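Open your viewer and get your selection tool ready. We will walk from the surface to the inside, one stop at a time.

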Amino acid sequence: MDGNNQSTVSEFVLQGLGFTQNLQAFPFMVFLMLYVIILSGNTAIMILIVTDPHLHSPMYFLLANLSFVDLWLSSVSTPKMITDFLRVNKTISFGGCMCQIFFAHFIAASEMVLLVVMAYDRYVAICRPLHYSTIMSLQRCTKLVLTSWLIGFVHSISQLAVILPLPFCGPRKIDSFFCDIPLVTKVACLDAHHLDMLVNIDCGMVVVTCFVLLLMSYMYILVTIRKSSKTGASKALSTCSAHITVVVIFFVPCIYIYVWPLKIAWLDTILAVFYSVIAPLLNPAIYTLRNKEMKNAMKRFKNYVLGSKGT
């Protein structure tokens with residue numbers, strides 16, 4: 001490889017979401033508001049779980065970690081997208097682009113594994129309730145969370161190792177609002193067909209494996225609860241619907257973008273917005289509005305704050 005190839009492209013131009021310059025103010029306000037809600041919602045969940053002793057259980061420990069991951073997942077690309085609405089030249093440096101790729105895959109893969117861990121937690125709680133406290137101890141939960149981060153890190157490093165040596169000599173336009181591997185390989189100075197296949201296999205192994213494990217876990221849970229009582233079907237749906245909703249919202253866009261062979265640029269962009277903005281936005285609502293203990297914790301926290309102000 002020519003040593004000067006990489007240096008010929010010091011930055012990339014992001015095409016954004018396709019809004020004309022005259023219409024940039026509206027999406028700027030919308031996504032800024034959504035990002036503030038994401039930050040405040042996920043931060044509120046973490047504060048509630050840490051401060052409320054009633055929520056010091058494995059399920060809520062994992063939920064706090066999910067909120068932490070969602071907070072960072074949205075922060076990889078959303079702040080850059082929001083500021084670019086105010087700019088005519090939407091550029092990103094080569095180093096910034098590689099950082100986006102690294103952290104996007106690191107955090108997304110970690111969240112996928114974490115969702116599998118949360119499904120395992122629900123499986124143990126529902127199918128093996130007498131052994132729940134022993135199996136899902138704090139020590140084991142911590143190890144499982146650290147394992148999810150380790151898997152995400154290894155996956156991301158393997159992706160970055162493939163991208164960094166590529167020669168980039170133009171064109172330097174990326175047809176999206178952030179850098180991602182399928183988009184960056186399109187502007188490399190070589191035929192990236194085999195490279196795209198390698199990346200898709202790597203991403204597909206993580207996405208499909210986690211998705212299949214999740215489907216198997218929740219199917220087993222639903223079947224187990226349905227057999228255990230006459231009202232099992234409704235109880236199973238009530239217990240697992242929140243988790244299943246999160247799984248569908250997060251995994252379907254990822255499967256299409258990284259596994260599905262048919263590529264449509266505008267649809268890829270919409271789905272990228274969905275899993276990087278909409279999923280972190282909906283997770284707090286899904287887990288709090290449908291969860292009685294979280295609602296009670298919010299009331300206790302509100303009463304504590306009001307009581308403190310009253311004194």
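Start by selecting V208, V212, L213, M216 and V259: together they make a nonpolar surface patch with about 380 Å² of accessible area. Patches here are built from residues with over 30% relative accessible area and no salt bridge, joining like charges within 9 Å and nonpolar side chains (Val, Leu, Ile, Met, Phe, Trp, Tyr) within 5 Å. Accessible areas come from the Shrake-Rupley method with a 1.4 Å probe, and for residues only the protein chains shown count as cover. Zoom in on V208, which sits in helix α7 (residues 193-228). V208 is partly exposed, at 34% relative accessible area; buried means under 20%, exposed over 50%, and partly exposed in between (1.4 Å probe, protein chains only).

A word about what is on your screen: this is a predicted model, where local features need pLDDT of at least 70 and side-chain atom pairs count only at pLDDT 80 or more, while totals for chains, interfaces and linings use all residues. Residues are numbered from 1 along each chain as its sequence is written, and side-chain values use heavy atoms, leaving out hydrogens and water.

Now switch to a cartoon view. You will find 10 helices and three strands, in the order β-α-α-β-α-α-α-β-α-α-α-α-α along the sequence. Helices (H or I, at least four residues) and strands (E, at least two) are DSSP runs, numbered from the N terminus.

Next, go inside. Of the 311 residues in the protein, 47% are buried. Select F12, F168, V184, F250 and F251, the residues with the most contacts inside the largest nonpolar core, which has 96 residues. Helix α3 (residues 94-127) gives this core its largest share, 19 residues. Such a core is a set of buried Ala, Val, Leu, Ile, Met, Phe, Trp, Tyr and Cys residues joined through side-chain atoms within 4.5 Å. In soluble globular proteins, nonpolar side chains tend to be buried together.

What does F12 touch, leaving aside residues up to four places away in sequence? Its partners include K90, I92, F94, F168 and R172, where contact means heavy atoms within 4.5 Å.

Time for charges. How many salt bridges does a search of the whole structure find? There are five, each a side-chain nitrogen of Lys or Arg within 4 Å of a carboxyl oxygen of Asp or Glu.

- E11 and R172: their closest N and O atoms are 3.4 Å apart. E11 lies in strand β1 (residues 11-14) and R172 in the loop between α5 (138-163) and β3 (173-174), 161 residues apart.
- D52 and R300: the N to O distance is 2.9 Å. D52 is in the loop between α1 (25-51) and α2, and R300 is in helix α10 (residues 292-310), so this pair ties together parts 248 residues apart in sequence. D52 is buried at 7% relative accessibility, whereas R300 is partly exposed at 33%.
- K80 and D84: the closest N and O atoms are 3.2 Å apart. Because they are four residues apart in helix α2, about one helical turn separates K80 and D84.

Stay with K80 for the last stop. K80 belongs to helix α2 (residues 58-84) and is buried, at 16% relative accessibility. A polar atom of the K80 side chain also lies 2.6 Å from the backbone oxygen of T91.

Note on methods:
Polar contact = N/O pair within 3.5 Å; in protein donor to acceptor, adjacent residues only side chain to side chain.
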